[in-house]
Amino acid sequence: METYTTDNALAAMGFGKFQALVLVYAGMGWVAESMELMLLSFVGPLIREEWKISAQDESLLSSVVFLGMLIGACGWGFVSDKYGRRTGLLFSTLFTTGMGFISALSPNYLCLMALRFLVGVGVGGGHVFSSWFLEFVPAQNRGTWMIVFSFFWTLGTVLEASLAWVVISGLNWRWLLAFTAVPCFLLLPFFGITPESPRYLCAQNRMSDATLVLERISKTNQAALPPGILTYNRGIEVDQSAPTCEIDHLLPVREKECTDDNAMSSKSGSLAALRSLLSRNLRRSTLLLWFVFYANSFAYYGLVLLTSQLSDANRSCASGLRYVKSEQDASLYKDTFITSFAEIPGLLVSAVLVEWLGRKATMWCLLFTCCGFLGPLMFHQSEIWTTGLLFGARACAMGSFTVLCLYAPEVYPTSVRSTGVGIATAIGRIGGIVCPLVAVGMLRSCHQMEAIIVFEAVLCLAAIACMLFPVETKGRDMN
């Protein structure tokens with residue numbers, strides 16, 4: 001009897017109307033996450049002015065959000081591997097929406113910090129949107145569509161910069177927090193029509209349910225499924241010393257052969273998933289991914305904060321003072337708005353390079369280029385030069401981060417994909433926790449050269465780590 005896998009079915013049906021609808025829904029999830037993170041650039045200075053908090057407390061407000069995201073990334077990844085991608089999407093969205101609206105009512109700094117920590121826990125589930133979307137995309141154009149998907153992140157950053165520019169001038173930061181939670185809320189009415197990932201259903205040995213989803217895709221795309229019955233590809237343990245251990249560790253098996261193995265995510269806990277991630281054939285990829293996620297998060301979110309901090313630091317340090325409050329004007333919003341658009345050329349460049357050079361080479365090329373843009377900022381520059389250099393650095397950081405978000409789900413098998421990406425994302429959030437101390441704390445203390453050197457060192461080490469990744473996933477089946 002003829003058989004076919006999920007990859008065979010998706011390749012035969014191609015990217016059509018069904019995947020486009022999944023793209024829009026998952027993309028809105030990323031719009032919501034990017035807006036919640038961009039919010040940190042604007043809220044900190046406003047809170048400091050209203051409640052007279054210190055620079056350390058201002059940076060702590062950003063750090064607790066990333067601490068929440070660290071916890072949320074691990075938690076929602078495990079939930080989506082054990083209970084389904086849809087379950088992870090629903091509860092992370094509900095949590096983010098509720099805490100986002102409530103935080104706008106915070107009566108004091110401590111309450112705001114606690115509620116924004118909880119928002120961070122909800123936003124930590126953002127990686128589930130990308131994994132869920134990629135599990136519907138055919139292997140042959142997965143790289144291109146991940147770049148398209150990442151445009152939603154850029155859309156979120158531009159929307160937040162525009163929203164802050166309009167709202168802060170006429171209202172206050174509480175309204176900004178409330179309006180920022182709206183995109184996440186808009187996902188809830190459409191949740192009922194979202195499909196479960198057919199790859200997840202196969203991993204749970206729910207082959208008939210997976211077939212129904214594939215038939216739904218076939219009907220929507222008006223494309224035929226391959227003849228035969230659906231089978232599942234199972235990852236098998238292979239000796240790490242074998243030269244193709246991680247490239248060829250996926251072999252097709254029939255449903256009856258993998259009954260005991262393919263339901264791993266539902267029958268074993270997070271400890272078993274962690275053991276799988278650190279098993280011989282995945283250990284090197286996992287450890288390198290953890291560091292590269294940390295470095296990319298440190299660099300990207302650090303650059304977002306640098307946009308709002310460098311001009312103030314240049315003015316205050318030039319005046320000989322430790323820190324002086326600059327008069328609030330539109331320059332912060334203008335600079336942030338301009339540098340947010342830097343992500344668009346970054347995405348376009350990565351879209352070209354990812355299918356030409358592959359995932360690994362694209363990442364390390366962009367990371368080294370980012371170092372080149374940051375180098376001159378070790379010394380005080382004019383505002384226009386500072387904005388231009390940050391524009392180039394952020395374009396490269398966004399391109400690298402996008403390719404990393406594509407590469408990580410491709411490395412892991414379906415049964416531990418969300419957990420693996422979730423833990424890697426959580427490690428990345430540590431970079432988000434630390435970067436405000438560099439981007440805000442060191443700059444406010446007039447240590448601009450030292451701050452930029454830290455960024456340069458982290459980016460260079462990340463580029464080297466990308467060179468050491470054992471697997472190039474370009475064109476590889478996602479099982």
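This is a predicted model: local features need pLDDT of at least 70, side-chain atom pairs count only at pLDDT 80 or more; totals for chains, interfaces and linings use all residues.

**Exercise 1. Get the overall picture.** Work out how many helices and strands the protein has, and what share of its residues is buried.

*Solution.* Next, go through the 479 residues with a burial cut-off of under 20% relative accessible area. Buried residues come to 59% of them. Finally, look at contacts with a sequence separation of 6 or more: 84% of these are between residues 24 or more positions apart.

**Exercise 2. Describe how H2 packs on H8.** Find the angle and the distance between the axes of H2 and H8, then say which residues make the contact.

*Solution.* For H2 (residues 17-51) and H8 (residues 173-180), the angle is about 165 degrees and the axes are 10 Å apart. That makes H2 roughly antiparallel to H8, as the cut-off for that label is over 145 degrees. Now for the handedness: H2 and H8 cross in a left-handed way. On the H2 side, the contact residues are Met35, Glu36, Leu39, Phe42, Val43, Leu46, Ile47, Glu50 and Trp51. H8 brings in Trp173, Arg174, Leu176, Leu177 and Thr180. Sort the H2–H8 contact by class and you get 10 nonpolar, 1 polar and 3 charged residues.

**Exercise 3. Do it again for H6 and H7.** Which handedness does the crossing of H6 and H7 have, left or right?

*Solution.* Axes first: H6 (residues 126-134) and H7 (residues 142-170) come within 11 Å and cross at roughly 145 degrees. The crossing of H6 and H7 turns out to be right-handed. H6 supplies Phe129, Ser130, Phe133 and Leu134, while H7 supplies Arg142, Trp145, Met146 and Phe149. The class tally for the H6–H7 contact is 6 nonpolar, 1 polar and 1 charged.

**Exercise 4. Sort out the salt bridges.** How many salt bridges does a search of the whole structure find, and are arginine 116 and glutamate 36 buried or exposed?

*Solution.* The search gives 6 salt bridges. Take arginine 116 and glutamate 36: their side chains meet with an N to O distance of 2.6 Å. Arginine 116 sits in H5 (residues 109-123) and glutamate 36 in H2, so this pair ties together parts 80 residues apart in sequence. Both arginine 116 and glutamate 36 are buried.

Now try glutamate 410 and arginine 359, which bridge at 2.8 Å, N to O. Here H18 (residues 383-411) holds glutamate 410 and H17 (residues 359-374) holds arginine 359, so the linked parts are 51 residues apart in sequence. Glutamate 410 and arginine 359 are both buried.

Arginine 206 and aspartate 209 also pair up, with the closest N and O atoms 3.1 Å apart. Arginine 206 is partly exposed at 38% relative accessible area, and aspartate 209 is partly exposed at 29%.

Note on methods. Residues are numbered from 1 along each chain as its sequence is written. Side-chain values use heavy atoms; hydrogens and water are left out. Axes are lines fitted to C-alpha atoms, for helices over the stretch in contact, and angles run from 0 to 180 degrees between N-to-C directions. Helices (H or I, at least four residues) and strands (E, at least two) are DSSP runs, numbered from the N terminus. Angles under 35 degrees count as roughly parallel, over 145 as roughly antiparallel, 65 to 115 as roughly perpendicular and the rest as oblique. A crossing is left-handed if the near helix is turned anticlockwise from the far one by less than a right angle, and right-handed if clockwise. Contact means heavy atoms within 4.5 Å. Ala, Val, Leu, Ile, Met, Phe, Trp, Tyr, Cys and Pro count as nonpolar, Asp, Glu, Lys and Arg as charged, and the others, Gly among them, as polar. A salt bridge is a side-chain nitrogen of Lys or Arg within 4 Å of a carboxyl oxygen of Asp or Glu. Buried means under 20% relative accessible area, exposed over 50%, partly exposed in between (1.4 Å probe, protein chains only).
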